[in-house]
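These are my notebook entries on one protein model. I record what I looked up, entry by entry.

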Amino acid sequence: MKDRQWLKQRLIDLEGHGYGDYKGIKGDYRFPAFNLSVDYVQGDPFAAPSRICLQVSQEVAKFPVRWITDYAAQTVIADYLTRQVAQVAQSLQQERGSGKSGKIKIAAPSQAVIRRSAVWIDSDGIEVRLTVGLPAWGRRIAGKAAAALLCDDIPQIVTNGLQYSALDAARMERYVQTFQDAEALRNQLTQRELVAFIPEGACLPRQSGVDERPLARGADLFTLPSEIPDEGVELDTPHSGKVKGLGIKAGVTLIVGGGYHGKSTLLKAIEQGVYNHVPGDGRDRTVSHPDTVKLRAEEGRSVSGVDISPLINRLPGARSSKNFSTTNASGSTSQAAGLIEAIEAGAKVLLIDEDTAATNFMIRDRNMQALISKDKEPITPFIDKVRQLYDDYGISTILVMGGSGDYFSVADTVIAMENYQARIVTEQAKAIAQADPNQRQSEGGINFTKQGIPLAVRAVLPDSLPPGRNGRSPKVKAQKDKMTLGYEEIDLRAIEQIVEVHQVRAIAQAILYAQRYYFESNRTLSETLDCVMEDIERGGLDAVDQDERRLGDLAMFRRFELSAAISRLRTLKTISVTKAY
Ligand code: ADP
Ligand code: MG
């Protein structure tokens, strides 16, 4: 293997050459404390930057074995190191020519602590994937600058960012403990028959609608509802002892309250409770069931072969609702499809906010029932199905509904938000509902599906993606709220539990991967999700990258987000298969 000295000389010799000559440095180099691989060389200083990979053995990194004992520990340490490397890289960065010359970057993490391909650590060592802008003036190689960048600066990432002795052990310990506490809290939910937990003292509001950091000033911390103390729950944590908080029970939960009193903020925190967060995030101990899915209406989306018949039936124009497809869903049909797709993917808790729901999907009040008879309304409102969903499928619902009291009668728990604080008002709400002489008629039947007949299940057919050029896979582009596969664009704005663009990139790769190995007429979409997620569990995120490029910008996602992205493909082809859920 060539070494650092060789690379340094080579780069200096390239001074003034045409940019294309950089291609020759692709390869592996032995540095005194690590190995450097140049995996991809950019075409010019303005193009997507070059990719490099550092491998540091534990003989150099010297992480105590007890820190990296299992998958969870490795995930959290890798996440910590990603943030550490980002800081060191930032400090090393300098203008070294045109375009991206001199830039050193690692895929930037969000507030969530998740597995990413940027850094991995195990008992052998640490692998870090970075991008660098190889320096040039115009198209002329700045060789000395490149030598300084790769041979002098990059080694500092190892000495200051990856060696245990250089790191703040106490800070890292707190980081690991926060993660382990959150995991422990989430793991206790099911046995306590809870679906979410918000601890005393949590800071739920965010800096702004586009900034996920905690609201720095004027945030009211979460306090326990005082009137019914046993609504509060105490859970155990390995590092912080008992933690008191509001446990949200399985079943149907309604969040009510005046406008601007913090309802959506609470629901959003529950939605994000599927992730663990960095210490100081304010939601570090706010956890929800891992299979919690946020649902919303999404007018205009594409739907392929979904059995929405429990919710919408007898569509005009003899359109099938057992096998519903459209390229332009309405608010209500999009929400119905989203709900069935969530069941299909295995959701256990659904979250719905009135702010983003279709009104006619949610309710049909007494006056409307009197005016428009049931046989002229295809929609069975969710209010008449939410209990059956729990009884038949064990799927809980938490919904925010400030504008209608009709849900009082179907809710197990009613939480009122008042000045950002929760009160339990179940008894009052039930009493009001019972005293109401003008009750609406329930239209939902006994079971979630008609006569308890199982939902139709769909399989994704092999040719469900747009073609790429020359028989290759379609080109992938990822943004936080949009992915492009070839000519096909998938709008992801409605998939609110995607928190990083790196997840979008990984999901895009996973779709290509599923298309190659798993989309088949006799495999249900749910089985396909199982297969893909298992492969990733076994082989890491790299498993879905067909070209083994050692991509550094992939992040872990859940089966629900993969399923949601697949389901929104406008090129998707599905058929119904006869397999019971
Ligand atoms: P609602 O859904 O009840 O109308 P939101 O949850 O959207 O209300 O909250 C309204 C505003 O109040 C938002 O700007 C939000 O950031 C802010 N907010 C929510 N909870 C808190 C809190 N605990 N402390 C301070 N501000 C909050
Ligand atoms: Mg709201």
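**Entry 1: two loop residues**

I looked up Tyr-260 and found it in the loop between strand E16 (252-257) and helix H6 (263-272). Helices (H or I, at least four residues) and strands (E, at least two) are DSSP runs, numbered from the N terminus. The model is predicted: local features need pLDDT of at least 70, side-chain atom pairs count only at pLDDT 80 or more, and totals for chains, interfaces and linings use all residues. Residues are numbered from 1 along each chain as its sequence is written, chains are lettered from A and ligands numbered from 1 in the order in which they are written, and side-chain values use heavy atoms, with hydrogens and water left out.

I noted that most residues other than glycine have a negative phi. Tyr-260 is not a glycine, yet its phi is positive, at about 70 degrees. Tyr-260 counts as exposed because its relative accessible area is 77%; the term exposed means over 50% relative accessible area, buried means under 20%, and partly exposed lies in between (1.4 Å probe, protein chains only).

I then turned to Asn-470, in the loop between strand E26 (457-460) and strand E27 (476-479). Asn-470 also is not a glycine and has a positive phi, of about 50 degrees. With a relative accessible area of 70%, Asn-470 is exposed.

**Entry 2: Gln-42**

Is Gln-42 buried or exposed? I found that Gln-42 counts as buried, because its relative accessibility is 1%. I located Gln-42 in the loop between strand E3 (35-40) and strand E4 (50-57).

I listed two polar contacts (a pair of N or O atoms within 3.5 Å; within protein, one must be able to donate a hydrogen and the other to accept it, and residues adjacent in sequence count only if both atoms are side-chain atoms). The side chain of Gln-42 makes one with that of Ser-50 at 2.8 Å and one with that of Tyr-19 at 3.4 Å. Leaving out residues up to four places away in sequence, Gln-42 touches residues including Lys-23, Val-132 and Leu-134, where contact means heavy atoms within 4.5 Å.

I placed Thr-528 in helix H13 (residues 525-539). Thr-528 counts as buried, since its relative accessibility is 2%. Not counting residues up to four places away in sequence, Thr-528 touches Ala-514, Tyr-518, Phe-519 and Arg-523.

Why is helix H14 (residues 559-567) described as largely enclosed by the rest of the structure? I found that nine of its nine residues are buried. Among them are Arg-559, Glu-561 and Ile-566.

**Entry 3: domain 2 against domain 3**

I recorded domain 1 (2-167), domain 2 (292-454) and domain 3 (458-577); such bounds come from an automatic or database domain assignment. The C-alpha centres of domains 2 and 3 are 29 Å apart. In contact are 19 residues of domain 2 and 21 residues of domain 3.

The buried area between domain 2 and domain 3 is about 1700 Å², with 38% from carbon and sulfur atoms. Buried area is the accessible area (1.4 Å probe) that two parts lose on being put together, summed over both. Ser-304, Glu-344 and Ala-345 give 32% of what domain 2 buries there, more than any other three residues.

I counted five salt bridges between the two domains, each a side-chain nitrogen of Lys or Arg within 4 Å of a carboxyl oxygen of Asp or Glu. I also looked up the salt bridge between the side chains of Arg-296 and Glu-496, at 3.5 Å, N to O.
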